[in-house]
Amino acid sequence: MARLILENLALQISLVLFILLHSSLSVASDSTQEANALLKWAANLHNFKDSNISTWPLHPENANNSSPRTSPCNWLGISCNVQGMVERLNLTNAGLNGMLYEFSFSSFPDLTYIDLSINLLFGTIPLGITQLSKLIYLDLSYNLLSGSIPPEIGLLTNLDTLHLAANHLNGSIPPEIGQLTSLTELALYVNNLDGHIPASVGNMTKMLRLFLYDNQLSGSIPQQLGNLTNLVELHMDTNSLSGPIPITLSSLTNLTILHLYENKLSGPIPNELGNLKSIVDLELSQNILNGTIPASLGNLRELKFLYLSNNQLSGPIPASLGNSSQLRHLHLRGNHLSGYIPASLSNLSYLTVLDLSGNQFIGFLPSNGCKGQSLSFLNASDNHLRGPIPESLRNCTSLVYILLNSNQLEGNPFEDFVVNSKLQKDGSKSQQIFWSDLKHMEIEVTNRGHSDCRKQYNGHDTT
């Protein structure tokens with residue numbers, strides 16, 4: 001009986017050892033296949049010797065599918081899982097120059113992460129990449145890729161992050177992109193994409209950041225964007241979008257950045273945007289928006305940057321804007337705004353930039369315009385303002401640039417700002433006072449220009 005038990009035990013041990021050995025050989029075989037696939041791709045790059053992956057063991061025998069000398073898990077930019085299979089490929093800014101067509105994506109069934117950004121990769125996005133069913137992160141941005149975004153991209157349903165920004169991609173955004181319902185970040189900015197934004201983007205309800213700026217997108221903003229209630233940043237500026245701003249955007253109560261500037265949007269600014277209680281940066285400049293500035297914007301207590309310049313807005317500045325106590329920049333230039341500048345703007349103690357130029361404001365400058373001693377840039381030129389320059393401005397030590405020309409203001413520019421050593425009268429550096437018509441006491445300081453902050457890869461700083 002004991003002998004039978006021992007024989008059965010020996011048989012079981014042999015079976016286990018056989019399975020382990022077979023599994024080990026299988027993994028080793030798969031690892032060899034992955035290594036060879038990587039080396040074959042590297043051998044077809046234009047500048048392998050000058051790239052960061054020149055440390056890969058690229059020898060003639062390896063490039064011809066011979067067994068590589070080392071596991072790819074030890075190569076630069078390669079990470080493997082516990083089974084020894086390639087899981088991550090991170091070759092950002094590695095000096096790669098070539099195409100992706102020689103990359104055998106089917107050889108990497110466990111690949112979850114690819115970052116090939118900031119290289120010189122060219123050609124189109126290969127369909128083989130859509131075979132990576134486990135892929136979570138894909139970044140091909142800042143390359144020279146061309147052609148269209150393949151509709152098959154919608155097969156990568158586990159994707160959390162998709163970055164194809166800053167390439168030469170053209171054509172429309174495929175509706176199939178809406179199948180990526182796990183996506184939290186989509187970056188397609190700085191390409192040549194045209195056509196409409198597909199309504200299917202409204203299916204990606206986990207989305208946190210959506211970057212579509214600097215393309216040639218046209219048509220209306222899809223109402224379905226209002227479904228993306230987790231959205232924190234929405235950048236659709238610098239396109240050719242038209243039609244009204246959808247009221248459904250007011251559902252995006254987690255939104256901190258909304259950039260719609262440099263489009264062809266028309267109609268009024270929806271009152272409902274006052275529901276965006278988390279908004280920090282709201283930029284709607286350079287459109288064809290009309291009507292009045294909604295008083296509801298005064299409900300935006302987290303708002304730091306408000307840009308409504310170069311539209312066709314009319315009527316007064318709502319006094320309620322003085323309730324947006326965190327405001328740093330207020331740009332209203334180049335509209336048809338009229339009436340008095342509300343005294344409530346003096347409540348904005350953190351305000352550093354105030355641009356009211358090119359409107360039809362009347363009356364006086366606010367008596368407490370520099371209450372918080374934060375104001376550094378003031379442009380109220382080309383209006384119908386009159387009266388003396390308030391003492392608070394004359395004593396505003398934070399002020400560096402001031403433009404008040406083309407008004408009917410009173411005073412002497414030499415005396416009014418003599419207390420402010422930052423305002424230079426002798427033309428030194430870039431801080432200067434100019435006067436061209438002492439009869440109207442026009443006061444102007446050099447304006448080096450204030451451009452909208454351009455977002456970087458993950459959005460721009462709004463602190």
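**View 1. Cavities of the predicted model.** Two cavities of 30 Å³ or more are counted. A cavity is a set of points on a 1 Å grid over the protein atoms alone where a 1.4 Å probe fits but cannot get out. The largest cavity has a volume of about 170 Å³, volume being the space filled by probe spheres set on the points, joined across faces, edges and corners. Its lining takes in 20 residues (an atom within 4 Å of a point). Leu351, Leu354, Gly369, Cys370 and Leu375 lie nearest the centre. By class, the lining has 12 nonpolar, seven polar and one charged residues; Gly counts as polar and Cys as nonpolar.

This is a predicted model: local features need pLDDT of at least 70, side-chain atom pairs pLDDT 80 or more, while totals for chains, interfaces and linings use all residues. Residues are numbered from 1 along each chain as its sequence is written, and side-chain values use heavy atoms, without hydrogens or water.

**View 2. The largest nonpolar core.** This core holds 107 residues, buried (under 20% relative accessible area, 1.4 Å probe, protein chains only) and joined through side-chain atoms within 4.5 Å. Trp56, Leu116, Leu162 and Leu234 touch the most other members. Leu234 touches Leu210, Leu225, Leu249, Leu252, Leu255, Ile257, Leu258 and His259, not counting residues up to four places away in sequence.

**View 3. Serine 117 in its loop.** Ser117 sits between β4 (113–115) and β5 (120–123), strands being DSSP E runs of at least two residues. Ser117 is buried, at 5% relative accessible area. Its side chain makes a polar contact of 2.8 Å with that of Thr92 (N or O atoms within 3.5 Å, one able to donate a hydrogen and the other to accept it).

Technical notes
Buried < 20%, exposed > 50% of the residue type's maximum accessible area, 1.4 Å probe, protein only. Contact = heavy atoms within 4.5 Å. 1 Å grid on protein atoms, 1.4 Å probe; cavity = no way out; pocket = protein on both sides within 12 Å on 5 of 7 lines; lining within 4 Å. Helix = DSSP H or I, 4+ residues; strand = E, 2+ residues; numbered from the N terminus.
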